[in-house]
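Here are my notes for your first look at this model. Please keep the structure open while you read.

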Amino acid sequence: MYAGKLRLSKHEQNINMAEGPSTVSDHLKALHTKAKQHCSGQYSNPVKFLYRNKSKAYFSTLEKSIMKPQLKDGGGDPRCPINGKLEGVFFGVTLWNGDLPDKSPYGDTRVAVPLERLFDDSTRLYFADFYCMDGQRDNHYVILVLTKKDTKADLFCKDRLILLDERKNEFLGKEGSTYKTLRQNKVWVEVFYTNEVDISGLERTKTGVIGKGSSTGGIRKTPGCKICNVDLDTDVPDLQKVMSNMKLDH
């Protein structure tokens with residue numbers, strides 16, 4: 001099984017990702033907090049599938065019905081740690097009125113992969129991004145990364161992203177063979193899966209399209225949105241102040 005590829009600088013290549021210190025940024029921690037606050041109290045839907053829309057031509061050119069990971073573009077927050085560094089396959093998981101959406105901005109053909117095929121006890125789930133797009137501030141997107149444990153992609157994410165509790169996070173939960181995700185309330189959850197995905201035997205369904213019906217190569221987040229933009233002066237706690245207030249047991 002393909003474990004996902006990384007595009008690392010020479011400096012990053014010299015880091016022992018399995019043992020090196022965590023480099024999760026204060027910015028990402030604050031962004032995660034904002035995403036949790038925005039999604040807090042929202043109802044959840046039971047969900048069974050991850051779905052992916054692309055053009056009919058995309059699916060017809062797949063070799064042996066394998067969807068291969070591709071490099072994450074520069075869309076979303078410009079400081080997202082996986083942009084231009086990690087390869088994966090994007091899926092949607094959010095339902096529309098309790099069912100799979102009947103149209104998509106990404107293509108006219110959809111494949112739905114049962115969640116248990118990809119999200120099981122051999123995987124880890126991470127928070128990577130939270131943003132809205134220019135002209136669409138009412139809709140926000142949460143980007144999660146799903147990795148196979150102890151692969152290179154997983155070790156990269158372990159040091160740079162926020163590991164989520166699969167049972168107790170707000171975005172995509174798993175307990176046994178039961179899954180749940182946010183009920184669509186202007187928040188769309190997307191999953192970036194870092195391995196190859198075999199869709200042999202799965203139905204390809206024709207859907208409507210929104211706009212051009214194709215990916216644009218990544219749209220940056222809207223600057224100035226108070227819901228999803230981080231102000232390092234107000235959204236990131238003063239570490240020294242926090243530490244000074246801590247009571248240490250001796």
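The points below go through strands, a helix, a lysine, an aspartate and the cysteines.

1. Ground rules. This is a predicted model, in which local features need pLDDT of at least 70 and side-chain atom pairs count only at pLDDT 80 or more, while totals for chains, interfaces and linings use all residues. Residues are numbered from 1 along each chain as its sequence is written, and side-chain values use heavy atoms, with hydrogens and water left out.

2. Strand β8. Of its 11 residues, 10 are buried, so β8 is largely enclosed by the rest of the structure. Buried means under 20% relative accessible area, exposed means over 50%, and partly exposed lies in between (1.4 Å probe, protein chains only).

3. Partners of β8. Two strands pair if DSSP finds at least two bridges between them. β8 runs antiparallel to β9 (residues 136-148), and 10 bridges join them. Methionine 133 stands opposite glutamine 136 in β9. The two strands form a hairpin with 2 residues between them. Look at glycine 135 in that turn: its phi is positive, about 85°. β8 also runs antiparallel to β10 (residues 162-163), joined by 2 bridges. There, phenylalanine 127 faces isoleucine 162 across the pair.

4. The open sheet. Which strands form it, and in what order? The order is β1-β12-β11, with antiparallel pairing. β1 (44-46) and β11 (172-175) stand at the edges with a single partner strand each, so one side of each has no neighbour in the sheet. Neighbouring strands here are turned by 25° against each other on average, direction ignored. For this angle, axes are lines fitted to C-alpha atoms (for helices, over the stretch in contact), and angles run from 0 to 180 degrees between N-to-C directions. β1 and β12 (residues 178-182) pair over 3 bridges. Serine 44 stands opposite leucine 182 in β12.

5. Helix α5. Among the buried ones are Asp154, Asp159 and Arg160. Cys157 is on that list too.

6. Lysine 54. Find it in strand β2 (residues 49-54). Lysine 54 is buried yet has no salt bridge. A salt bridge needs a side-chain nitrogen of Lys or Arg within 4 Å of a carboxyl oxygen of Asp or Glu. The nearest side chain of opposite charge, aspartate 73, is 8.8 Å away. Lys and Arg count as positive, Asp and Glu as negative; His and the chain ends are not counted. Beyond four places in sequence, lysine 54 is in contact (heavy atoms within 4.5 Å) with residues including Phe59, Tyr106 and Asp108.

7. Aspartate 73. This residue sits in the loop between β4 (70-71) and β5 (87-92). Aspartate 73 is partly exposed, with a relative accessible area of 28%. Its C-alpha atom is 5.6 Å from that of asparagine 83, 10 residues apart along the chain.

8. Cysteines. How many disulfides does a search of the whole structure find? It finds 0. A disulfide is a pair of cysteine sulfur atoms within 2.5 Å. For cysteine 157, the closest cysteine sulfur is in cysteine 80 at 9.6 Å, too far for a bond. For cysteine 228, the closest is in cysteine 132 at 3.7 Å, also too far for a bond. Cysteine 157 is buried at 0% relative accessibility. Cysteine 228 is buried as well, with a relative accessible area of 0%.

Definitions and conventions
Helices (H or I, at least four residues) and strands (E, at least two) are DSSP runs, numbered from the N terminus.
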